[in-house]
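Subject: Structure for you to look at

Dear colleague,

I am passing on the structure below, and I would be grateful if you would read it alongside the notes that follow.

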Amino acid sequence: MEQEILNSVKDYLKIEDDDNAVLKSIIEAVIERCENETGKAFTGESALYLQAVRMITADWYDHRGTTTTEQLKELPLATHVQSILNHIAISTDYEEVTQ
């Protein structure tokens with residue numbers, strides 16, 4: 001993972017010092033999820049795609065380790081993230097994910 005992406009996410013989350021390994025693993029999982037959902041490769045060059053990664057990472061970081069005894073429900077994505085991912089998925093401005 002590029003240091004620039006890590007720094008961008010840390011700035012977005014307002015994290016000065018943290019265990020980078022934990023944050024990196026969350027970011028990598030978010031990128032994998034975005035690529036699987038959209039079919040488009042994340043390069044870090046698109047401000048829109050990067051914003052979606054930051055927003056989902058913020059949600060997952062804030063809710064890491066969350067447990068409940070209530071009936072489990074999927075946590076909603078941050079506002080407008082799904083519409084961003086849908087846009088990326090149908091756009092021809094992004095490269096397809098290669099295996």
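The axes of H2 and H3 come within 9 Å of each other and cross at roughly 125°, and please bear in mind from the outset that this, like everything below, is computed from a predicted model. With angles over 145 degrees counting as roughly antiparallel and 65 to 115 as roughly perpendicular, H2 and H3 are therefore oblique to each other, and H2 passes H3 in a right-handed crossing. On the H2 side the contact is made by Leu23, Ile26, Ile27, Ala29, Val30, Ile31, Arg33, Cys34, Glu35 and Thr38, which meet Tyr49, Val53, Ile56, Thr57, Trp60 and Tyr61 of H3. Sorted by class, the residues of this contact comprise 12 nonpolar, 2 polar and 2 charged.

As for the overall setting, the protein has 4 helices and 0 strands, and its pattern along the sequence reads α-α-α-α. Of its 99 residues, 35% count as buried, and among the contacts with a separation of 6 or more, 67% are accounted for by residues 24 or more positions apart.

The buried residues in H3 are Tyr49, Leu50, Ala52, Val53, Arg54, Met55, Ile56, Thr57, Ala58, Asp59 and Tyr61. What covers these residues includes helix H1 (3-13), helix H2 (20-38) and helix H4 (81-90).

The other helix pair I looked at is H1 and H3, whose axes come within 10 Å and cross at roughly 60°. Because that angle falls between the limit for roughly parallel, under 35 degrees, and the start of the roughly perpendicular range at 65, H1 and H3 are therefore oblique to each other, and their crossing is right-handed. Ile5, Ser8, Val9, Tyr12 and Leu13 of H1 form this contact with Leu50, Gln51, Arg54, Met55, Thr57, Ala58 and Tyr61 of H3. The classes in the contact of H1 with H3 are 8 nonpolar, 3 polar and 1 charged.

Serine 8, in helix H1, has a relative accessible area of 15%, and because buried means under 20%, serine 8 is buried. Leaving aside residues up to four places away in sequence, serine 8 touches Leu50 and Arg54, and both of these belong to the buried residues of H3.

Tyrosine 61, in helix H3, counts as buried at 11% relative accessibility, and it takes part in the contact with H2 as well as in the contact with H1. Tyrosine 61 and leucine 23 are 38 residues apart in sequence, while their C-alpha atoms are 7.5 Å apart in space.

Isoleucine 56, which also lies in helix H3, is buried with a relative accessible area of 1%, and is one of the H3 residues that meet H2.

How values were computed: Residues are numbered from 1 along each chain as its sequence is written. This is a predicted model: local features need pLDDT of at least 70, side-chain atom pairs count only at pLDDT 80 or more; totals for chains, interfaces and linings use all residues. Side-chain values use heavy atoms; hydrogens and water are left out. Buried means under 20% relative accessible area, exposed over 50%, partly exposed in between (1.4 Å probe, protein chains only). Helices (H or I, at least four residues) and strands (E, at least two) are DSSP runs, numbered from the N terminus. Contact means heavy atoms within 4.5 Å. Axes are lines fitted to C-alpha atoms, for helices over the stretch in contact, and angles run from 0 to 180 degrees between N-to-C directions. A crossing is left-handed if the near helix is turned anticlockwise from the far one by less than a right angle, and right-handed if clockwise. Ala, Val, Leu, Ile, Met, Phe, Trp, Tyr, Cys and Pro count as nonpolar, Asp, Glu, Lys and Arg as charged, and the others, Gly among them, as polar.
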